Amino acid sequence: MIKAGLEDIVAAESAICDVNGKEGRLIYCGYDIHDLAEHSTFEEVIYLLWNGRLPVKEELAQLNNELQTNRKLAPQVVSIMKELPHDANPMEILRTSVSLMSLYDPDDAKPSKDMPANVRKAVRLTAQLPTIVAYWDCIRGGRELLTPKEDGSIASNFLYMLTGKEPDDLSIKSLDIALILHADHELNASTFAGRVAAATETDIHSATVAAIGTLKGPLHGGANQEVIKMLLNIGEVSKADAYLKNMFDNHEKVMGFGHRVYKTEDPRAFHLRQMSESLGKKLGQEKWFEISKIVEQFVKKDKGLNANVDFYSASVYYMLGIPIDLFTPIFAISRMAGWAAHILEQYAHNRLIRPRAEYTGKTNLTYVPLAQRK
């Protein structure tokens, strides 16, 4: 039986992530996402995804040090980034920059033959993606490129490089939790694309480029950008009901609701909802959370759909001062942890991924010479 989009088709065995759609649970290597969002850090989750277990203190300190000291980009990459069109899509810049980075990586590009080298590459990619995204926003805006700090978390350093200011604790914690929530999601489209590429024994940079190119597609990444555009168009709490009624009357889709796998609420939405409320209160921007709640209740009542990870991440990122077109690149910053975990797992237990298609075209046609065709 053919299923369009390979829906519910099991294409691989993996010990990294389990998405339980019926129960609305997300598990990273045995740990419930609620426990990780409440107690863990993004760096600790990176270690978990790559090693299948939580680190001890010394192991986490070592990973933190490796991530912190590998944030700088090769000068050649920065120089080329400055020459790229300033109106380019940030995901195109990220894709191009990761491809460039492979040319200057100090380790040999042999993919599945040297796992320690691949782990070092994974560290560099995870550390450098935030630098690429922050630098691109500074380059196109004519702002100074700050040297990445060799301390602090990925979340704190990214906000510092992006804004030029030291972020407050709530902003750091909010972004850190968002990165945890987006880090992996089993065989989603971009992860599957990365694993398909890795299965050919191409290098980890090429597999990552495949994943980034897939995430760029609007049916995978970008939904939270559409959500914040809707919230900005609504503008005020008092206008929400009328705006939504008009959308429904015109059969327009409200982004950020429903999910291909989850039959209940997306467990990630729970934490992002809380962050949206907390940030709104701290910043005096409660209206974005309040409008979001009205939209959520409206869609739930009328369509029976639950909010997914994209819905409340929109207001969280917006209140953190992140430009709207960087929402998907931030998704990539987080998902790099999961992509790397899956690529490394594919290398370790590799078999070329080569599915079949059921042919629906004609058969038994007879070749007619060109001069005789009409």
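**Exercise 1. Decide whether W288 and Y318 are buried, partly exposed or exposed.**

Solution. Begin with W288, which in this predicted model has a relative accessibility of 7%. Buried means under 20%, and therefore W288 counts as buried.

**Exercise 2. Classify the aromatic pair of F257 and F311, and find where in the chain its two members lie.**

Solution. The structure holds six aromatic pairs, and F257 with F311 is one of them. The ring centres are 4.6 Å apart and the planes stand at 50° to each other. Planes under 30 degrees apart would count as stacked and those over 60 as edge-to-face, so the pair of F257 and F311 is tilted. As to location, F257 belongs to the loop between helix 12 (240-249) and helix 13 (267-283), whereas F311 belongs to helix 15 (residues 309-319), so that the pair links distant parts of the chain, 54 residues apart. Both F257 and F311 are buried.

**Exercise 3. Classify the pair of W288 and Y318 in the same way, and say which helices it ties together.**

Solution. The centres of the two rings lie 5.6 Å apart, and their planes meet at 80°. Because an angle over 60 degrees counts as edge-to-face, the pair of W288 and Y318 is edge-to-face. Since W288 is in helix 14 (residues 286-303) and Y318 in helix 15, the pair ties together parts that are 30 residues apart in sequence.

**Exercise 4. Describe helix 16 by its span, its kink and its burial.**

Solution. Helix 16 runs over residues 327-348, which makes 22 residues, and from its first C-alpha to its last it reaches 32 Å, close to the 32 Å expected at 1.5 Å a residue. Next, look for a bend: helix 16 has a kink of about 45°, centred on R335. Finally, 21 of the 22 residues of helix 16 are buried, and the helix is thus mostly covered.

Definitions and conventions
Residues numbered from 1 in each chain as written. Predicted model: local features only at pLDDT ≥ 70, side-chain atom pairs only at ≥ 80, totals over all residues. Heavy atoms only, no water. Helix = DSSP H or I, 4+ residues; strand = E, 2+ residues; numbered from the N terminus. Expected span 1.5 Å × (residues − 1). Bend = angle between axes of the 7 residues up to and from the residue. Buried < 20%, exposed > 50% of the residue type's maximum accessible area, 1.4 Å probe, protein only. Phe/Tyr/Trp six-rings, centres within 6.5 Å; stacked < 30°, edge-to-face > 60°.
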